[in-house]
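Please keep the sequence and the structure in view while reading.

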Amino acid sequence: MPAPADAAPAPVPLKPGRRRRLPVVLAVVLLLVLAGVGVVVTRPGPVAGWLGDDAGSGPKAAGVTPDPEPSDVLAGPDPNSPLPTADGVRAVLDPLVGVAALGSRVNVSVADVISGQTLFAKGADDGTVPASVTKLATGVTVLAARGPGYRIPTRAVAGAKAGEVVIIGGGDPTLAIDKKGYYPGAARLDDLATQVRTALGGATPTSVIVDGSVYSGPVYGPGWDDDIPTGGSGGAVTALMTDGARRDPGVDHGAAARFAEPDLAAGKAFARLLGVPADAVKRGTAPAPTQAAAGGTPAPGVELGVVQSPPLIRMVDIMISESDNLVAEALARQVALARNQPASFDGGAAAMDAQVAELGLPADEITLSDGSGLSRRNRISPSLLTDLIRLAASPDHPELAGVFGGLPVGGWSGTLDERYRNSPGTAAGAGSVRAKTGTLTAVHSIAGLVTTADGRLLTFAVLTDQVPGGKETAQPALDRITAALAGCGCG
């Protein structure tokens with residue numbers, strides 16, 4: 001079918017015969033950019049369902065005063081703006097990508113979102129340690145595999161013995177104990193306990209079994225630095241946990257003390273709610289469901305209650321905006337479960353790689369060991385990332401749009417909140433750069449979207465994994481690259 005006369009120009013393939021053409025409608029990109037800067041768009045249709053909204057909760061519900069229309073926070077891209085030239089971009093970026101602060105391996109890809117034309121490439125196809133930029137791949141693959149509206153269940157069933165309650169972790173890291181949980185809108189153990197008491201009638205629970213068997217393999221990732229399990233940014237990955245395994249859900253964003261055994265800690269919290277002593281909590285597996293006699297005590301395996309996580313579109317937003325590593329590992333395992341792979345580090349990584357290939361992207365340019373980017377074994381090419389971002393902006397894949405909602409904005413939010421403010425040569429990026437960052441020792445990365453001074457929307461990825469110094473010098477050097485794109489017409 002021929003394209004309509006007013007359609008966006010056909011994209012130029014980045015690699016003829018290998019990279020997929022990605023038709024992009026500018027209106028879709030505009031919507032996503034607005035989402036990226038925190039403007040909430042309320043509309044009917046699948047988006048409302050993905051967000052978990054019900055028909056009676058919208059602005060037209062009886063007795064509810066509609067919120068005023070949001071005002072623009074940042075200007076959107078100009079559909080009539082000129083396309084930068086490759087020579088113009090090269091002239092601006094060449095002096096910046098070779099600075100000593102970024103080390104000997106600086107791999108870069110810059111492309112125009114609408115046309116797909118490559119504007120700058122330096123080691124663009126080379127696998128590079130991505131650090132937390134990996135979370136862009138995790139977000140896209142879980143939205144593709146599970147769908148934006150999927151919710152992760154936490155169930156309770158009757159145990160094999162009288163008085164035994166089994167709590168079955170489904171892999172929801174946002175699960176809260178009560179209304180004081182860390183993650184907004186999380187499912188709660190106190191709600192599950194209420195359901196269990198109702199289902200048991202007058203029977204008194206006497207023990208709690210914790211079933212986390214949906215996950216398998218090690219609880220710490222391959223290629224993780226030795227200090228990650230205890231450093232506050234990572235922790236044991238188990239199928240049952242509360243508040244991302246935080247000991248104190250009241251702590252602010254960032255590093256926090258974590259339970260060494262999150263599943264047992266959650267099981268003990270559940271036991272307290274049921275009036276069961278902590279020493280009556282142990283690991284085990286749920287019995288197979290059996291038929292209960294009418295009016296009798298629930299038979300072994302019979303469901304006593306269930307609570308559901310927020311929809312995945314919200315969890316992806318949390319993962320990207322806070323760079324939440326345990327949420328990322330949970331989402332990687334959801335890709336594995338959706339693709340009938342083991343819910344482990346290896347299974348999740350293999351499933352994500354396979355999902356990337358199924359989306360038509362060059363899977364030979366991504367090799368993963370985890371979903372968070374904590375592993376130094378991960379390799380992603382910059383061009384794979386810019387392709388991934390363009391695919392997520394495509395009207396052919398509206399289910400992937402959730403990856404943009406949590407992107408930090410330069411000088412304003414998330415991991416970019418304090419950047420593009422005080423370092424020389426970075427001011428143009430404030431409010432114009434929307435990106436995911438990544439940081440490990442000697443590894444610094446950034447990938448996302450930038451609006452140029454002429455209003456053109458570009459996608460970029462800059463990955464470095466041999467940085468000689470610390471973030472104090474590496475991050476401003478990265479910011480100068482992206483700020484240069486924001487500040488130039490590059491014609």
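## The largest cavity

The largest cavity has a volume of about 60 Å³, in a model that is predicted. Rolling a probe the size of a water molecule over the atoms is what shows where empty space is left.

The lining of the largest cavity is made up of Leu136, Val140, Leu388, Ile389, Ala392, Val403, Phe404, Leu407, Ala447 and Gly448. At least two lining residues come from each of α4 (134-146), α11 (382-392) and β11 (443-451), and α11 gives the largest share, with 3 residues. Sorted by class, the lining of the largest cavity holds 9 nonpolar residues and 1 polar residue, while charged residues are absent from it.

## The second largest pocket

For the second largest pocket, the computed volume is about 1200 Å³. Its lining comprises 41 residues, of which Ser233, Glu322, Ser323, Thr415 and Thr439 are the closest to the centre of the pocket. Two or more lining residues are given by each of α6 (228-231), α8 (312-322), β10 (433-440) and α12 (471-487).

Which classes of residue make up the lining of the second largest pocket? The lining divides into 20 polar, 14 charged and 7 nonpolar residues, whereas the lining of the largest cavity has no charged residues.

Ser323, one of the residues closest to the centre of the second largest pocket, has a positive phi of about 50 degrees although it is not a glycine. Ser323 belongs to the loop between α8 and α9 (325-338), and because its relative accessible area is 15%, under the 20% cut-off, Ser323 counts as buried.

Ala131 is also a residue other than glycine with a positive phi, here near 55 degrees. Ala131 is found in the loop between β2 (118-122) and α4, and α4 is one of the elements that supply at least two residues to the lining of the largest cavity. Is Ala131 buried or exposed? With a relative accessibility of 0%, Ala131 counts as buried.

## The disulfide

The structure holds 1 disulfide, which joins Cys488 to Cys490 with an S to S distance of 1.7 Å. A disulfide is a covalent bond between the sulfur atoms of two cysteines. The link of Cys488 and Cys490 is left-handed, with -105 degrees about the S-S bond.

Both cysteines can also be described by their accessibility. Cys488 has a relative accessibility of 9% and therefore counts as buried, and Cys490, at 8%, counts as buried as well.

## The protein as a whole

In the secondary structure of the protein there are 12 helices and 12 strands. Of the 491 residues in the protein, 53% are buried, and Ala131, Ser323, Cys488 and Cys490 are among them.

How far apart in sequence are the residues that contacts in the protein join? When contacts between residues at least 6 apart in sequence are considered, 71% of them join residues at least 24 apart. As for the surface, the protein exposes about 19700 Å², and carbon and sulfur atoms supply 54% of that area.

Terms used. Residues are numbered from 1 along each chain as its sequence is written. This is a predicted model: local features need pLDDT of at least 70, side-chain atom pairs count only at pLDDT 80 or more; totals for chains, interfaces and linings use all residues. Side-chain values use heavy atoms; hydrogens and water are left out. A disulfide is a pair of cysteine sulfur atoms within 2.5 Å. Buried means under 20% relative accessible area, exposed over 50%, partly exposed in between (1.4 Å probe, protein chains only). On a 1 Å grid over the protein atoms alone, a cavity is a set of points where a 1.4 Å probe fits but cannot get out, and a pocket is an open set with protein on both sides within 12 Å along at least five of seven lines; lining residues have an atom within 4 Å of a point. Grid points are joined across faces, edges and corners, and a volume is the space filled by probe spheres set on the points. Helices (H or I, at least four residues) and strands (E, at least two) are DSSP runs, numbered from the N terminus. Ala, Val, Leu, Ile, Met, Phe, Trp, Tyr, Cys and Pro count as nonpolar, Asp, Glu, Lys and Arg as charged, and the others, Gly among them, as polar. Contact means heavy atoms within 4.5 Å. Accessible areas come from the Shrake-Rupley method with a 1.4 Å probe; for residues, only the protein chains shown count as cover.
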